[in-house]
Amino acid sequence: MLKVENLMVFYENALAINELSIHVEEGEIVGIIGSNSAGKTTLVNTLSGLLLDTQLKEKRKGGERITIFGRITFLGKDITNLWADERVKMGIVLSRERHPVFVESDVEENLKIAAYITTKKEMKENIAFVYKVFPSLVPLRKRKAGFLSGGEQQMLAIGMSLMAKPRLLLLDEPLLGLSPTIQVKLIESIVQIRKDANVTILICEQFARPVLPIIDKGYVLENGMLTLEGTGKELYNNPEIKAAYFGV
Ligand SMILES: Nc1ncnc2c1ncn2[C@@H]1O[C@H](COP(=O)(O)OP(=O)(O)OP(=O)(O)O)[C@@H](O)[C@H]1O
Ligand SMILES: [Mg+2]
């Protein structure tokens with residue numbers, strides 16, 4: 001479904017992604033495991049096309065800081081130079097790091113704002129699906145997003161991504177800042193999203209322990225380089241992973 005070949009991303013002359021090749025098959029949950037500044041956000045921003053937008057903005061200001069090499073193919077089509085909005089229409093939807101939501105709008109308004117690419121009928125179905133996957137949001141539907149807890153905001157942010165009917169959902173550190181109990185709950189919802197909505201999921205995380213059991217395969221990134229890949233089970237049992245990511 002998604003193929004990334006020899007991707008390299010530079011910020012000025014600092015290399016953030018180095019010769020990265022990965023692939024995601026339809027229906028899979030794939031993990032990108034990496035600690036701080038491994039290149040996770042850079043990768044999903046490149047996949048969603050956001051980085052091209054940033055690159056353009058910087059060019060307009062007269063600077064050319066971001067350089068991208070390599071090739072990205074989605075459903076057999078070369079999307080390397082496609083803008084973010086065109087990628088959303090193709091079904092690539094990113095739920096960004098630190099769950100950005102509209103704090104002055106209530107939960108349901110946030111979901112409606114995120115439904116800009118669908119019809120009214122689809123919007124209703126999608127809202128129902130979001131409440132099914134995240135039942136904790138139901139009693140909060142009229143609450144301003146700014147008054148939600150971190151975990152509830154994260155659920156809302158993922159819910160907003162679901163409003164665009166993704167085929168490939170990119171999740172950038174969904175577990176960040178959440179308590180272990182909420183992390184487990186969120187992970188269960190992610191599994192349910194794959195099952196019920198038939199969505200393929202790429203999840204970037206530094207918290208490997210809760211993520212590895214649910215992924216079909218994973219890639220470990222360190223300083224922009226792929227250092228290890230394997231099935232979720234292989235990575236879970238790997239002593240290096242245990243030492244680096246399980247805090248033992
Ligand atoms: N806009 C930018 N300008 C310059 N350097 C950047 C920019 N964004 C990221 N970098 C650098 O690129 C590298 C990868 O950063 P990135 O944010 O992709 O990592 P990450 O894995 O998402 O980290 P974190 O877990 O902290 O979110 C880092 O060295 C970072 O300092
Ligand atoms: Mg990041």
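User: Which protein atoms are the donors of the magnesium ion, ligand 2?
Analyst: This is a predicted model. In it, the donors are T41, through OG1, and E97, through OE. They lie 1.9 to 2.2 Å from the ion.

User: Where do T41 and E97 lie in the chain?
Analyst: T41 is in helix 1, residues 40-48. E97 is in the loop between strand 6 (92-95) and helix 4 (107-113). The two are 56 residues apart in sequence, so the pair ties together separate parts of the chain.

User: How exposed are they, T41 to begin with?
Analyst: T41 is partly exposed, at 23% relative accessible area. E97 is also partly exposed, with a relative accessibility of 27%.

User: OK, ligand 1 now. Which residues come nearest?
Analyst: There are 14 residues around ligand 1, and K40, T41, T42, E97 and E173 come nearest.

User: Which element gives the most to that shell?
Analyst: Helix 1, with three residues.

User: And how does the shell split by class?
Analyst: Seven residues are polar, four are charged and three are nonpolar.

User: What about polar side-chain atoms, say that of E97?
Analyst: A polar side-chain atom of E97 is 2.4 Å from an oxygen atom of ligand 1. N36 also has a polar side-chain atom facing an oxygen of the ligand, at 3.2 Å. For Y11, an N or O atom of the side chain is 3.5 Å from a nitrogen atom of ligand 1.

User: How much of ligand 1 does the protein bury?
Analyst: The protein buries 62% of the 640 Å² that ligand 1 exposes when taken alone.

User: Change of topic: strand 6. Are its faces covered or open?
Analyst: Both faces are covered. I92 and L94 are buried on one side, and V93 and S95 are buried on the other. In a regular strand, side chains alternate between the two faces of the sheet.

User: How does strand 6 run relative to strand 7?
Analyst: Strand 6 and strand 7 (residues 168-172) run parallel and are joined by four bridges. V93 stands opposite L169 of strand 7.

User: Last one, L148. Where is it found?
Analyst: L148 is in the loop between helix 5 (120-133) and helix 6 (150-162).

User: Buried or exposed?
Analyst: L148 counts as buried, because its relative accessibility is 7%.

How values were computed
Residues are numbered from 1 along each chain as its sequence is written. Chains are lettered from A and ligands numbered from 1 in the order in which they are written. This is a predicted model: local features need pLDDT of at least 70, side-chain atom pairs count only at pLDDT 80 or more; totals for chains, interfaces and linings use all residues. Side-chain values use heavy atoms; hydrogens and water are left out. Donors are N, O and S atoms within 2.8 Å of the metal (3.2 Å for Na, K and Ca); water is not among the atoms, so sites may look incomplete. Buried means under 20% relative accessible area, exposed over 50%, partly exposed in between (1.4 Å probe, protein chains only). A residue is near a molecule or strand if one of its heavy atoms lies within 4 Å of it. A polar contact is a pair of N or O atoms within 3.5 Å; within protein, one must be able to donate a hydrogen and the other to accept it, and residues adjacent in sequence count only if both atoms are side-chain atoms. Accessible areas come from the Shrake-Rupley method with a 1.4 Å probe; for residues, only the protein chains shown count as cover. Ala, Val, Leu, Ile, Met, Phe, Trp, Tyr, Cys and Pro count as nonpolar, Asp, Glu, Lys and Arg as charged, and the others, Gly among them, as polar. Two strands pair if DSSP finds at least two bridges between them.
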